[in-house]
Amino acid sequence: MIKAILLDIEGTTTPIDFVHKTLFPYAKAKLGEFVETHFSALEPEIEQLEKEYHKDFANQLYGRDFRSDAPETLANYLEFLIEVDRKSTQLKSIQGKIWQSGYESGELVSEIFADVPKAFKRWKAAGKTIAIFSSGSVLAQKLIFKYSNFGDLSGFISDYFDTNTGAKQTGESYVKIATAMNHPQKRVAFISDVTAELDAAKIAGLCTFLSVREGNGIVQPPINHSAIASFNDLQNI
Ligand SMILES: [Mg+2]
């Protein structure tokens, strides 16, 4: 019997489009204004970004100015990091803070598929633990469930894991997560729209389900996982 359910976000609990067409453009649009207003509070990030900048400048990847006393130069550099799709911890951290202020002001509301809150209630009532594993930062994950179109769903979620635990396509990450949740791997089910992630989880001994939702990418066969169109398909998990 399954004791814990581990969920991916994009393409599983939330439309991929919400992340790419709402969240990322929002952070990009608010960047200049946010950096200007919160400049002194961003000191730890700026210190790290300055190091990253010097490397990029030396390697001739970025030729503009960066001055730790000039917010607009920081905003320009962050825009560059977004454009080159750099997986920068500092960029992620600042994006998370921008989203937080957007959610808190009510300007942002996250999108969760309608079957998700119903399944949360059902699984909780059956005594199962619900956790998240996503490449977005833990702060970004928490915000998505706290400020959703179905209200605050964060009370249903026990744990959040991001790539600090390990890559989503590496089996070891799933062993670590099951251990952290105090369950044997075979008692944990992982749901995702990406087969490479599910393959890694399966190798680690987890039970896997492929999320097939509208707006998800096309999945190439062979598919070695049970496919579900919504969480309604998991009535007696
Ligand atoms: Mg996904």
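1. A residue is called buried if 20 or more other C-beta atoms lie within 10 Å of its own, exposed if 12 or fewer, and partly exposed in between, with C-beta atoms placed from the backbone. By this criterion Gln 60, with 7 C-beta neighbours inside 10 Å, counts as exposed. Gln 60 sits in the loop between helix H2 (43-58) and helix H3 (71-83). Although it is not a glycine, Gln 60 has a positive phi of about 55°.

2. Basis of the note. The model is predicted: local features need pLDDT of at least 70, side-chain atom pairs count only at pLDDT 80 or more, and totals for chains, interfaces and linings use all residues. Residues are numbered from 1 along each chain as its sequence is written.

3. Overall fold. The chain has eight helices and six strands; helices (H or I, at least four residues) and strands (E, at least two) are DSSP runs, numbered from the N terminus. Read from the N terminus, the order of elements is β-α-α-α-α-α-β-α-β-α-β-α-β-β. The radius of gyration is 19 Å, close to the 18 Å that the globule rule gives for 237 residues, so the chain is as compact as a globular protein of that length. The radius is taken over C-alpha atoms, and the rule is 2.2 Å times the number of residues to the power 0.38. Along the principal axes, the C-alpha atoms fill a box of roughly 55 × 35 × 35 Å. Of the 237 residues, 34% count as buried.

4. Contacts and domains. Two residues are in contact if their C-beta atoms, placed from the backbone, lie within 7 Å. Among contacts between residues at least 6 apart in sequence, 63% join residues at least 24 apart. The domain assignment gives domain 1 (4-15 + 110-233) and domain 2 (21-104); such bounds come from an automatic or database domain assignment. The C-alpha centres of the two domains lie 29 Å apart. Five residues of domain 1 are in contact with six residues of domain 2.

5. The largest nonpolar core. A nonpolar core is a set of buried Ala, Val, Leu, Ile, Met, Phe, Trp, Tyr and Cys residues joined through C-beta atoms within 7 Å. The largest one holds 53 residues, of which Leu 6, Tyr 174, Ala 189, Phe 190 and Leu 206 touch the most other members. Helix H1 (residues 16-37) gives the most to this core, with six residues. Domain 1 and domain 2 both give residues to the core, so it lies between them.

6. Strand S4. Which part of S4 (residues 188-192) is buried? Five of its five residues are, so the strand is largely enclosed by the rest of the structure. Val 188, Phe 190 and Ser 192 point one way, and Ala 189 and Ile 191 the other way. In a regular strand the side chains alternate between the two faces of the sheet.

7. Neighbours of S4. Two strands pair if DSSP finds at least two bridges between them. Strand S1 (residues 4-7) and S4 pair in the parallel sense over four bridges, with Leu 6 opposite Phe 190. S4 is also joined by four bridges to strand S5 (residues 207-211), again in parallel. Phe 209 in S5 is the bridge partner of Ile 191. From S4 the chain crosses through helix H8 (residues 195-203) to S5, and this β-α-β crossover is right-handed. That term applies if, with the strands pointing away from the viewer, the path from the first strand over the helix to the second runs clockwise.

8. Ala 201 and Leu 206. Ala 201 is found in helix H8 and counts as buried, with 32 C-beta neighbours inside 10 Å. Not counting residues up to four places away in sequence, Ala 201 touches Tyr 174, Phe 190, Leu 206 and Thr 208. Under the same exclusion, the residues touched by Leu 206 include Tyr 174, Ala 189, Phe 190 and Ala 201.

9. Helix H6. The buried residues of H6 (residues 138-146) are Ala 140, Gln 141, Leu 143, Ile 144 and Phe 145. They pack against helix H4 (89-104), strand S2 (129-133) and strand S3 (159-161).

10. Backbone points to inspect. The peptide bond from Pro 221 to Pro 222 is cis, with omega near 5°; Pro 222 lies in the loop between S5 and strand S6 (226-228). Asn 182, not a glycine, has a positive phi of about 65°. Asn 182 lies in the loop between helix H7 (171-180) and S4, and counts as exposed with 10 C-beta neighbours inside 10 Å.
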